[in-house]
Every structure is written in C-alpha cells, then in structure tokens.
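Reader: Please take a close look at one helix pair and the loop beside it. I would like the cut-offs stated along the way.

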Amino acid sequence: MLEHYGAHETAAGVARRVIWLRSAAFGQGAEPTRTWRNAYGRCLLGLGQYEEILHALLPWAHLGDETASYTLSILATAYRNRGQLETAREHYERAWAIRTRLHPPTHPAVATLADSLGLLHIQRGDVVAADQCLRAALRVHLAVEGPDGLPTATSLGHLAVLNESIGSYEMALSLLDEALRIQLKRCPPEHPSVETTECNRAVVLIRLDRKAEARDVFANLLEAARSRMGENHPDVATALNNLGWAEQELGRWDLARNHYEDALDLRQRIFPANHPLLAMSLHNLGTVYSHQGQWQSAADLLRRALGIRTAIQGEQHSDTVSSYLHLADVLTAQGQAEDALRLLMRANRAELSTIQQVLTVGSASQRDRYATLAYHSVRALASLVLNFPGLPGAPDALLAALLRKRGVAGNAFRSDRAEISTAGRPELASLRDERDRVSQRLTQLAFAGPTSPDDDERHRQEIEDLIGRKEFLEAELARALADGSSEGRGLRAPDDASSLKTLLPKGTAYVEFLLTEARDYKAIRAGGDALLRRAHYLMLVVRPEQGYAVECVDLGDAERINRAAALFRTHLSGRLDTVDRALLTLEDLTGVTVDDIERELTVQLTEPLLIAVGSARRLLVVPDAELAQLPFAALPDASGQPLLHRYAISYLASGRDLEDDRLAPSSGAPRVIAAPDFDLAAPADSAPAFLAPPISDVRAPAPVLRAALPLFTTLDGAREEGKVVADLLETAPVTGPHATKAAVRQPGPAPRILHIVTHAYFLPDRGVEQAGFRQTWHASRPESLAPVVGANPMLQSGLALSGANTWLRGFPLPADAGDGFLTAAEVMTLDLHGTELVVLSACDTGLGLRHIAEGSIGLRRSFLLAGAAAVITTLWKIPDRQAAHFMASFYRLLVSGASPAEALRSAQLRHADAGQEDFTWAAFTLYTRGGPTETAAPPTDA
C-alpha cells in the first residue's frame, strides 16, 4: 500500500524488515522471501536505485517459477531505466517465457508483462512490436478489469505514448484523457500513476501548441517530485528537463537553459555515461546553445548525445534521427556542409524503417501524419542544397529522399487496396467493406447538418465516433495485411537516380519540382532572428543522356513564380474567377499584357527547364504547389510556340509512380456517365425544403454547405459528349436520372475506362458562375467550412451527380442517388484496380489542396489511389461545347490504338493548331502510374 501511493522510502524499509524475518523463517531462496524481495525491488524502482535492485534480485532470477518471472520483470525494468535496452529485452523475454508457460494469453499477469514489453519496444523504436503488445494487453485488461480498471488505464497511457511517438497527437491526447479519468476515480491526484499520465499529457499539449498549459503542468510536477523524492531523484531530473522544454518552446531561452543544465547535472550524477536520458539532456542543452549562437558548445553536446543514442538506441531510432538533424544544422552553421550532408543522408535512411512500421500498423491518418513528420529531413536537405548549391552529392541525396518519401502514405493506401482485391482473403474484404461503409456514412454526416437545432451535440458525437471507428478499421486492415504477404508494401519506389535506369527510356527527362524554404543557419532564435528565408522552387532533372546524374536548379523566389503562373492560368482560361486571391489582386491584373506574363514565365521557368532537359522530348513532370495547376504544355518556348509542339508531357503525383504496380486490365466494359439530372425527384414546387418544417428522416445539408454550393445548371453539351464517347467505346451511356452515385459504384469488375461528364466542386475559394461552363463552386471562407470538412480534406472536392440540387434544397432522394455528390473521400472507397483510364470531363477536377508530403489532395489523387492507371482532369472551368468537341477528338484517337498520353497530345495539337484563341485543350492534363506510356517515337522539333 505504501509503495502504491508513492511512499517508496518507507515501503522499502518495511520490505527489508519482512525479508529479514522471512529469510529466518523460510530461507533466503524460499518463495515467500522472494515475493517480498520483489516488493523491495519495486520500491527501489520508485527510488531510482537501480544498482541496488541488481544486487538484491539477480541471484534469484534463474529459478523458473512465477515469482522468478516477476523478479525478471523488475530487473528488466531496472535495465530499461538504466538505458540497457537489449539486456532489458532479454530479461522481459525470459519472464514472458515463464508466464506464458504457466498462464493462458488472456491471464492478467501475461497482459501486465505485455504492457511492460510494449513500453520497452517504444523506447527501442519498434512501433509494430509495441502496438502488438499494448493492444493485446488492453484487450485482456478490458475483459478482466473492465473499462474503469487501473490496468486498463495503464494500457491506454502506453498506447498514447506510442501514438505520440508517431505524430498522432490528437489520438494520444484522447487516450490520455481517458486514462486520467479512470485513474482519478481510483487514485488521489498525487498518486504516481496520475502524475505519469499528467506528464505524458503535457508532452502532447506541447506538440499541439498548447505550450503555456503544458508549462504549468510541468512546474507543478517538478514541485511535487521535489517534495516527495528530494533533490536527487531521477523523477526530479525528468521534471526539470520537461520544464526546460516548455520554457524553450515558449521562447524563454535562459530559463530553459538553466533547467536543462540542472537536469544534466543531476543525471550525470545518477546515471551511467551511456544512459539514454543523459543523451536527452545533452541533446536538449545543445539545442538551446545552438539557438543562442554558441555553435561549438552546441556541437560538442550534440555529438555526445548522438554517440550515446547510436550505441544504445540504434541508428534508426527517432531520437537518433533527431540528433542527426540538429547536429547537421549546427555543423552547417559552422560551414561544415559535407559533414552535415552525411548526417542528413543517414537521417533519411533511418526514417524509412519507422515509416514502414507505421504503414504496417497505422490508420490512414496516422500514416499521413508520420509521413509529414518524416518529410522534415527532406526539407533539411533542400535547405542545404539552397545554401550550398555546389555541394557534391547533395542533389542526389535530395532526389533520393523525395523518391522514397513523397507520396508514401497514399501509395500504401493504393497498395493495400490492390492486395485486398487480389488476395482472396474474405476477412480482409470484410474489414475493407466495413471501413468503406463507415467512410461513406461519415461523408453523409459531415455534409448534412443536425436534424434539428437541438441535435448539434449528438451530430458532433456521431461524427467523432465514426472517425474513431474508421481509424480503428484502417489500423486493423493494416495489421491483417502485415500478417500476410505484404512486407515492405508502400515503400516500393525508386531508391535514387541510378534506380531510374530501368524506368526512364532514352529521350525522356524526369523533372521534379519542390517548393521549399532556405534556412538561415546563422540565425539566432534567442535574439529574435527569423530561421527561414523566402521560399524558392527547386527543379531536379534526371536524363539517361547525362548518365542519370541529378541536375538541381534553383528557380528562385517562389512567390514571384506563383504569381506568374497564376496570371498565365488566368490568361489561358479567360476567367477572373480562376484567380487565387492569395496570389493575385485585381491590381496585379491591371495593365499586364500576355507578353508580360509569358516573358516572366520564360525567364523564371521555361528557359531553365528547356536548358535542363536538353535533347529529351518526353517529359515526366512531378509538380509542386502552384505549379501543380500549371499546364506545362501551354508554356511558350523562345519562338512563342507552346511546348506541346516539342514535347510529350505527362505528370506524376510522385516519383514512386514510376514503379508500375498496375494490375492487368479489367474485363469490365467501359462506363460513361454524363449529364446527370441534378433536380432528380425534386417536387414541382421549387421552394427550398429547408425553409419549411424539417422532415424528420431527412438530413438537410449543413447551412454553410448550402451557401458554398449554389444550384447546378443543366449541361447542354454533356449529353452529346456522353453519347459520342459511349458510341466510340461501344457501350451505352448512363445519363439523366440514371447518372447517380450508384451508377459510379455499380458492382462487378472495374470498368476498363470510366468517363464522367458533369459539374464539380472545389471549396477553398469563391468563383462566379458563367453560363455555358461546367461549373466548379468555391466557398468564400474556407475556415467556415471547418465543421463540415475538418475531419477529412478529401471532402473539399467532388462531383455533382443526379439529385445534387434536390439534396441541396433539403428534399429526400431515392436510395441509389445518395446525397447527389461523389466526394474525393468516397472515390477512395471505389475499386478501380484494372481501370486503365479515368476521364473527369468537368471543371477544376485537377485542383486540390497542397499537402507537404503527399502532393495535391483532391479528385485526381483519389481516383489514382482507388486503382486507376491514368487520370485526365482539368485545371480550370471549360466551355461545355468546346469540351465535348475536344473529348470526341481524344477518344477517336484512343480507340484507334493510341495510348492515353499519345491520344491526349495529338488531340491537343489538333485543337492548338486550329488557330483559335481557345485554350480549352490546355486545361486537360494526364497523370499516370508506371512511367511513359507512348509507343511511338518521341516528338521532334516543330
């Protein structure tokens, strides 16, 4: 009882007395005596007296009974706290062998040991093993102790630590809040387990930018540790370190430094010279020194920390990666760019192991968050390239990092879906189908408002519950796939420029763009200096003719290029509503001629591009940021001719799309869906239903969504386009009231070709309707849409299908129409593996939200991740009749035997050469997987 409430010194005294008495009565090796020795060992753990634990328990660890399993577990914990992680693992595994021999896997004693093993695996950086242990322990604790048992709280707390380690901060906070709720029902606030949870919760609060709140928690925990343990306890050092971290995050550099120095002094007196916590103190103090401009002192401390972490935790541990990155920054500030490059290359390689583990056990959102965290080292390499443009090996290292990390989360999703489709495992299909149903329901609820004004809280709670269920199912799917044959999935990608040799034929140039900021390595944060300079675009080019060497070109100021690109798009589209008001104002458009725009783009982008690609005539382009909305084929060359005439240009979402993971072409018939009846099942009275009393069983669209999406108009050319395309593909078009969400999702083999002609929506900006255009609606204030789409940015773009207007008015729809919209999130639940081509003949279907590690998030990405081998989308609003005419040209070429890339380019050439001031052809872009698809010779100079 004394030990349970943290009175370790008093409890240890009692235990020593009982051990003496039982040794006299039963003998030193008797089970009753060893039971109290274990109790004494637990007291010593609380006191941080690890050497004394080894002295007291090691002689009795070999006996092989259940009491010895507890002895081994205590010893393992002592070794873990001393930083001897491999020795700790050996002792835990010996304890595990005994307990699993004596008890079934569902026994609480086995679950308690699984908890301890899980915590060790977190420290070792083994995400998969930690996840398996902790979830197994939680299942047992829930079954035996119930949802309010203290062991349940322990497992939840450990799972929170795991989630924090991979960047899932919201999930970690939710788990810690639940653990704390349980503990406070059973324990006083000063109980050690409560304080541990409070500490872990404060760590997550800092990650979530709630720094002042975390600082107060850490200050209280430091005071409590000192009053209970005195000044020389490991818990005091931990509290000092944490408080120093909070002060650092708040910009209180001197306070942070003082706390870090006190923590380091204490840990040097308590721990051996190779302890991980000592490395943490060295690292943290070195970081503060670097921000205060004390480069050499910082380098010395960071090197010591790296040495410990490499030796004890291994090169792939996240702590070691952090040491690589911080030491690289300091070395760069000292002018040692070559050494910094070597460290950053090691950091990028090390992160791949953790990425693979997160792909194996994580939900889609967990994968996405960790991919974003791991992308930091890519940005560090890019900054080094910008600061040292002639640094040997730096461009190669940057490209290798981009190839391995850009798009990794999305690629894993596509890979998982493909494996489920072909594995023949019913349990996988069942999990996938439930996940898809939850995702669709989540979309419906996110788009719909509460059924009544009093329904807000229930509506919000149902959405939160569905998000949790979706994440659970995604993680279960990942684990089930990991038990099969999918080792290494999601990471299949070219490793570096040399691995492109088998993927890039002669005459082809691979061109990847990266928007990044250059760091000012001499900046002193403690003095108020800004760390980052203005953003630049980097262009990396690889050509067979240059021996697959990487050429890296700094294109200069990104804001200037973005402005020129936005002006060019506005010129091509002839529409002011394509303007991104974050980039351009009406003043920017005043007095600017087409020649001005083209001259600016030529200097900033086209000339460097043409020099870099040399004699190549096929370009595989991976764009970034604003350049993802730029039609490169329309850029003028020196003679004023569009690049279309000289180059065959296709696009990739990331370099990993060069790997051909496409399945065999589907046996499904082509599917053409066109000219939906947006007013399907609408009453003759056109008054919006939301002005009338609500229908109890109908969810009206959320008011903010009604404001964002005005009613859609009939497309005169869409029905004609659908008929022409369907005739060419020898199938029947699905039009009018039949062009529903169910028509897209119909069961059976995936369509070999999927062609959709309709309106689209994209929510970040507001546009203005013009008659005769396939519309894309934009919300005026994206922040106002947060309650609707905050759970998933893939809800911010989609296609309007039959019944869209009816639903927006608040009227019920037939079941097969759903809500009249197909969102990008719902597209990801389709099975399009084997679909060779998707064409979205609607406005702005190529637009999306920029994700730092995954590229453009929107309809195009969703159809690719759903399994399509190639997707054609548009970059702006397209005139209805012209689009229909262009699509007819494209499909005539396609059915005559041309590849999608060949057919698109040929159709674009025909329309560009028609001599009209119509750039509809330029709006269409092709994204593929598997590299070049042309079968003909590359184009020659026009």
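**Helix 10 and helix 12**

Author: Helix 10 and helix 12 are roughly parallel to each other, a label given to angles under 35 degrees. This is a predicted model, in which local features need pLDDT of at least 70, side-chain atom pairs count only at pLDDT 80 or more, and totals for chains, interfaces and linings use all residues. Residues are numbered from 1 along each chain as its sequence is written, and side-chain values use heavy atoms, with hydrogens and water left out.

The axes of helix 10 (residues 192-207) and helix 12 (residues 234-249) cross at roughly 15° and come within 11 Å. Axes are lines fitted to C-alpha atoms, for helices over the stretch in contact, and angles run from 0 to 180 degrees between N-to-C directions. Helices are DSSP runs (H or I, at least four residues), numbered from the N terminus. The crossing of helix 10 and helix 12 is left-handed: the near helix is turned anticlockwise from the far one by less than a right angle.

On the helix 10 side, C199, V203, I206 and R207 meet N242, W245, A246 and E249 of helix 12, where contact means heavy atoms within 4.5 Å. By class, this contact has five nonpolar, one polar and two charged residues. Ala, Val, Leu, Ile, Met, Phe, Trp, Tyr, Cys and Pro count as nonpolar, Asp, Glu, Lys and Arg as charged, and the others, Gly among them, as polar.

D209 lies in the loop between helix 10 and helix 11 (211-229). D209 is not a glycine, yet its phi is positive, at about 70°. With 54% relative accessibility, D209 counts as exposed, a term for relative accessible area over 50% (1.4 Å probe, protein chains only).

Methods. Helices (H or I, at least four residues) and strands (E, at least two) are DSSP runs, numbered from the N terminus. Angles under 35 degrees count as roughly parallel, over 145 as roughly antiparallel, 65 to 115 as roughly perpendicular and the rest as oblique. Buried means under 20% relative accessible area, exposed over 50%, partly exposed in between (1.4 Å probe, protein chains only).
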